[in-house]
Amino acid sequence: MADSGSGCNDFLGYYRAISNKLKKRFLRKPNVTEASDQFGKLALQCEHEELPQYAGLCWIAAARCESSLGNASGEAWDLVRAGRQFLRAEICAKDLGCPSPGGEHVQAAISSFSHAASRWQHQHNQDQPLSGSHQSQSPLAAGLALELGQALRVDLDRIAEAATQYRHAADMQRSSPLEQLNSLGLLATCKIELGDFDGALSVFNEMVSVVEYGGKPPLGVYCDIMHRCEVTRVLLLLILQPTAQRLPQDLAQVLEKYAWGEDGKVPVSFLTEDQFLLLQSLVMACQSHDMESLCILEAELWCHLTSEQKDLLRTLVRKMSNGVK
């Protein structure tokens, strides 16, 4: 392939030449291994010449060869390479202002990644058979869902699809709590960006359950995760203002901690006294619709919040202000 102008014609010529080698001949079996290697080399050449969509097609062809050879691992990795090239093709197309019609590059990437994950999962279950109906999950498959979620999240129009991938990843990471919490945290952020505050609250509740499983007090990074969950759940509950009938007992207890003090003690171990008192004041200001205090608290809370929590606080103040008017 001499240049980009003739790249398409050259690619098709090379691609067809390799494909023709796979056709069955009289008294002669096709050399599938050689064809797989040649598709891989053509894919690398396409990558080098900035033709990612053609590289993706070559990796798909190589994956088919590996499948016919019974090499599930090789097939999966070729599918991953294909998916990454299709995602790269979509990025290049968007940079040129010509995104693929109907997001076909993204759909091709999702299909490739999904197929690769299923191959890994199938191989993982064969290598580690378990008794009963439950099967362990492949870490590679979970990592792939996470990677796809990160790629999709860059496009604001695909945040919902990214959330779906983060959910897949979290469901496959139940045996690795810290990794699962990372995926759930990303899922919660997507829910907030989508304006699905109910969904976000549900995810944060799930994160708390993961941390509290086993009954041991949180330490280290788990304490940081609980801190995020606690502050964000309070903000979400104040925004949603669920009725007492709709409020589950565990969420009712979240706000009850801030309704009154208990002999000057902070009932939340991963909050400082200042943070607890500010949140307590915020809850009381919202319950009494005290906009003057709420505006003062917004400024005082600002330095204690993440950017995500700051956005939620702005939403809360705006909602309370409109409600008062």
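Helices (H or I, at least four residues) and strands (E, at least two) are DSSP runs, numbered from the N terminus. By that numbering, Q241 is found in the loop between α10 and α11 (249-256). The model is predicted, so that local features need pLDDT of at least 70 and side-chain atom pairs count only at pLDDT 80 or more, while totals for chains, interfaces and linings use all residues. Residues are numbered from 1 along each chain as its sequence is written, and side-chain values use heavy atoms, with hydrogens and water left out.

- Most residues other than glycine have a negative phi.
- Q241 has a phi near 45°, a positive value in a residue other than glycine.
- Q241 is partly exposed, because its relative accessible area is 40%; buried means under 20%, exposed over 50%, and partly exposed in between (1.4 Å probe, protein chains only).
- E50 also has a positive phi, near 60°, and is a residue other than glycine.
- E50 is found in the loop between α2 (32-48) and α3.

- E66 is found in helix α3, which spans residues 52-68.
- E66 is buried and yet has no salt bridge, a salt bridge being a side-chain nitrogen of Lys or Arg within 4 Å of a carboxyl oxygen of Asp or Glu.
- The nearest side chain of opposite charge to E66 is that of R81, 8.3 Å away; Lys and Arg count as positive and Asp and Glu as negative, whereas His and the chain ends are not counted.
- The side chain of E66 makes a polar contact of 2.6 Å with the side chain of S36.
- A polar contact is a pair of N or O atoms within 3.5 Å; within protein, one must be able to donate a hydrogen and the other to accept it, and residues adjacent in sequence count only if both atoms are side-chain atoms.
- The side chain of N71 also forms a polar contact with the side chain of E66, at 2.9 Å.
- Leaving aside neighbours within four places in sequence, E66 is in contact (heavy atoms within 4.5 Å) with S36, N71, G74, E75 and D78.

**Salt bridges**

- Side chains of opposite charge can pair when their charged atoms come close.
- The count of salt bridges comes to 16.
- R84 and E147 meet in a salt bridge through their side chains, at 2.7 Å from N to O.
- This pair links distant parts of the chain, with R84 in helix α4 (residues 72-95) and E147 in helix α6 (residues 139-153), 63 residues apart.
- R84 counts as partly exposed because its relative accessibility is 38%, and E147 is partly exposed with a relative accessible area of 28%.
- R158 forms a salt bridge with D155, at 3.9 Å from N to O, and both R158 and D155 are buried.
- E161 forms a salt bridge with R158, the closest N and O atoms being 2.6 Å apart.
- R158 counts as buried because its relative accessibility is 12%, whereas E161 is partly exposed at 26%.
- Salt bridges that share partners join K94, D155, R158 and E161 into one network.

- Q85 lies in helix α4 and counts as buried at 9% relative accessibility.
- Not counting residues up to four places away in sequence, Q85 touches E47, P52, A55, G56 and W59.
- L79 is likewise placed in helix α4, and its relative accessibility of 4% makes L79 count as buried.
- With neighbours within four places in sequence left aside, L79 is in contact with I60, A63, S112, F113, H115 and A116.
- The C-alpha atoms of L79 and A109 are separated by 8.8 Å, and the two residues are 30 residues apart along the chain.

**Packing of helices α10 and α12**

- The axes of helix α10 (residues 221-240) and helix α12 (residues 273-287) come within 10 Å and cross at roughly 10°.
- The crossing angle makes α10 roughly parallel to α12, since angles under 35 degrees count as roughly parallel, over 145 as roughly antiparallel, 65 to 115 as roughly perpendicular and the rest as oblique.
- The contact is made by H227, V231, V234, L235 and L238 of α10 and by Q275, L279, L282, V283 and C286 of α12.
- Axes are lines fitted to C-alpha atoms, for helices over the stretch in contact, and angles run from 0 to 180 degrees between N-to-C directions.
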